[in-house]
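Welcome, and please load the model in your viewer. We will go from one selection to the next, and I will say what is there.

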Amino acid sequence: MRKVRILAYIFLCILFSVPFWGAQYAYTKHRAINSIYSNDTLPRVKGDSLLKNDSLKLRNDSLLQDSTAQKKNALDAVVDYTANDSVVLMASNWGYLYGAAEVKYTEITLKGEKLSMNMDSSLVYATYGLDSVGKEFGYPVFSDGGTDYESKDMKYNFKTKKGYITNVITTQGEGYVIAGRAKKQEDNSFFMLDGKYTTCDDHEHPHFYLALTKAKVKPKKNVVTGPAYLVIEGLPLPLGLPFGFFPFSDKYSSGVIMPSYGDEMDRGFNLHDGGYYFAINDNIDLALTGDIYTKGSWALKARSSYRKRYKYSGSFDFNYLYNKYGEKDVDQSISKDLAINWTHSQDPKANMFRTLSASVNFATSSYNNNSLDNRYTRQGTSNTKGSSVNLTQKIPNSAWSISASMNVAQRSQDSSISMTLPNLTVTMSRVAPFKRKEAAGAERWYEKIQLSYTGDFRNSIDTKENLLLKSNLQKDWKNAMKHTIPVSATFSAFNYLNITPSINYTERWYTSKIQKQWNPQTNTHMSMRGDTTYSFKRVYDFNAALSFQTKLYGEYIPVFSKTTRIRHVFTPSISLSYAPDFSDPMFGFYERYKYIDSKGQQMEYVYSPYSQGMFGTAPMGASGMVSFNFENNLEMKVASEKDSTGYKKISLIDNLSINFSNNMMADSLKWSDIAVNARFKFSKSFVVNIGAAFDPYMYGLDQYGSPTKVDKLRISHGKGIGRLKSTGYSISPSINQDTFKKLFGKDVEKEGGKKEGSQTDTDNPEGEAGEQKKGSLLEKKKDDNQYDEDGYVKNDIKWNLAFNFSMNYNYGDFDYDKMEYKGRLTKNFGLSGSIQPTKNWNFNFNTSYDFDAKKIAYMSCNLTRNLHCWSITASFNPVGAYKSYFVSLRASSSLLQDLKYEQRGRSSSYDPNWD
């Protein structure tokens, strides 16, 4: 055993010493090369393995041999060469090209500021140039098979397709391969020494890279390395690899998804979100992942995205959790959770007659508490979930359409679920059945008659999650169908009055009815067990109405401005409606029975066996309604130079409506509540709606001492027209850094014009040189910051702040002393915002306040710092029931997404609070 430990120690010592020995070796080699060949434009290392027995070696170079001997090995294609500056041909059959020189041979292209080529052989040498201040430019770029190699010096043989390159940079996938010395092979691969692989675009001083002692690169395929180690900011780290393999692909492909690690007090250490990614085809993919915990919990996940251009797109997620909590044989509990998420949308151009959409968010009640993905999010604190799937089919060249939908509503607090499956709706849009196809002369009165039809079939259930699959279709599910047929016509009288008669017919189909009985023990009317009968029943009702409507216009010129006009549009309407008493025994929709109440008096109770049906029942009591509705619109027109008409409209009151009704056939309480609604339009995106209801009656006590409305109008007893019964108000404005600039639009436009002009003046003179600098990999990274006169970086702070506030007032508890209901006020407030003080920093938050508990109910904060080729993210919930934090440091490239460090806060009953 001791020998095994010694061998393990030796292995670990060797493994962790690899980076330091590699760094020392690379540094020593670099100094030796620079000291010997500091003045040589094409440095050579004595005894270098890359140059030994190489056809490019000068000792046996074709330049020292007779050119006539090379005719046997002539090239099989024409070599084209060009240069912007000059082309010099020497008697020794050497050609020298200066100024953006370029040589082409088949699919091979070599560009550089200076090129030297032998006119008889196949050897080409390329290097860069120096400007008047000694700055390098025009680096050689070698292109072959769609792969570009940029370097400082390059020697290439067109015949053998081999070359020797120094200080080469090439793009492979999302990263860059940088090599001090490289040897290109005939198959387009190349070997390199002292290389680097990084995703950082600062090639001269990358923020991090994998130091490759030696490697072989197959362009667009892979990179195979020998011993390698990680270097961050020039510091080698004790993280070494004996070898490495980096695959590349132009197409997205299948592959392994590396898991993340974590730990919890309740479930133990874990590896989560690890699995395999399937690249099925260009339209659909699939990721199978899972979680595993040391204390026995596990999870399976499937995620798929699909998209077909101009057709449809969507995603599907399936999650199954198996959790074990507590100690075995002591307090262990097991929970199984399921979650399904599906979103689907159809392109409007795909099919103009058929539409399919889906938004499914189904999960068991305890899923959010047991899932790491949702536990610390706002979604994890949500108590309700909703899902819907809709399919609509329009019949071409007709007024008919059919839609089918599924709806699910969940409540996590008590694991209740309401499901409607299916919900079929058949609709016929408004048609004029008596209108002539070929009209001749004036329109006749019966041609204005229009009707429509709506048929609605539903099958639904209200139950618990664990009882859903055990439910009985006949006894537990409710199913019904409703038919609605409105018929109406509009006629004009005196050119100003619109008269609209209408008839509405509604019929309901039920398969069951519930009968009630008097229960003397509880003194209530209740449905007894076994009182539900199953048979086909139809319940219908109808009504007729006649309405009158007109518009009145008024204009006012205010005294403060003669060019301002204020217009008032008043739209009154009065309607008369009638409906018979459907509780009459002749209809058979209501039943009666007599009983003895608790005081020994004989009473008669009237009820409908269909009152608990899905679509209700026919109304009780005859109705002869007179309804009043008054709408107001107030606009102001002011002079404006910006508008082409010379005037600008300003909405003062977009709509103010008052409506109430009187039932002339009722024996008491004839007046309805007075409803008042107002809408104010301050801008296109800022609209405020306010609604209120006023109660015109007073309250008293019934024979049982319960508060009830009495037939006494408040206005008759000097208490006003009505008492505020309910009202509501909501507002959700948002502001950002441009909100206040819009108030000074002219100044902003001038400043914007100056900025654009200054940028144009400074950028245009660069011309092609600017584009060349941007495209070169060997150029120093350009500083894209803008500086002021004092040398400080100019930075536009971007921020956004939004809040939503809603307030509702309703009747609360009853005050027996004043015989009035007390008011109850409920308020909700939410605040969210973000700020970007610099282009690399970003902070956003989201919070809500509970006015009843007088504390912050939820808060989520996220802080992100872009570290160029790295990014650090910190998310934390400092208050509420889900206090937590999560910190992640990872490489920005998706290729190195597993190069990361994560730390999350534990959440269990054993964790200390943050208080």
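**A strand and its partners**

Start by selecting Gly728, which stands opposite Asn808 in β47. This belongs to the antiparallel pairing of strand β45 (residues 723-731) with strand β47 (residues 798-815), over five bridges. Strands here are DSSP runs (E, at least two residues), numbered from the N terminus, and two strands pair if DSSP finds at least two bridges between them.

A word on the source: this is a predicted model, where local features need pLDDT of at least 70, side-chain atom pairs count only at pLDDT 80 or more, and totals for chains, interfaces and linings use all residues. Residues are numbered from 1 along each chain as its sequence is written, and side-chain values use heavy atoms, leaving out hydrogens and water.

Next, pick Ile735, whose bridge partner in β47 is Leu801. Strand β46 (residues 734-736) pairs with β47 in the antiparallel sense over three bridges.

Asp815 stands opposite Glu820 in β48. Four residues lie between the strands of this hairpin, and Met819 takes a positive phi near 55° there.

**Into the cores**

Select Leu110, Phe142 and Val223, which are among the residues with the most contacts inside the largest nonpolar core, a set of 38 residues. Such a core joins buried (under 20% relative accessible area, 1.4 Å probe, protein chains only) Ala, Val, Leu, Ile, Met, Phe, Trp, Tyr and Cys residues through side-chain atoms within 4.5 Å. Strand β14 (residues 208-218) gives the largest share, five residues.

Finally, move to Tyr510 and Phe582, both included in a second, separate core of ten residues.

Technical notes:
Buried < 20%, exposed > 50% of the residue type's maximum accessible area, 1.4 Å probe, protein only.
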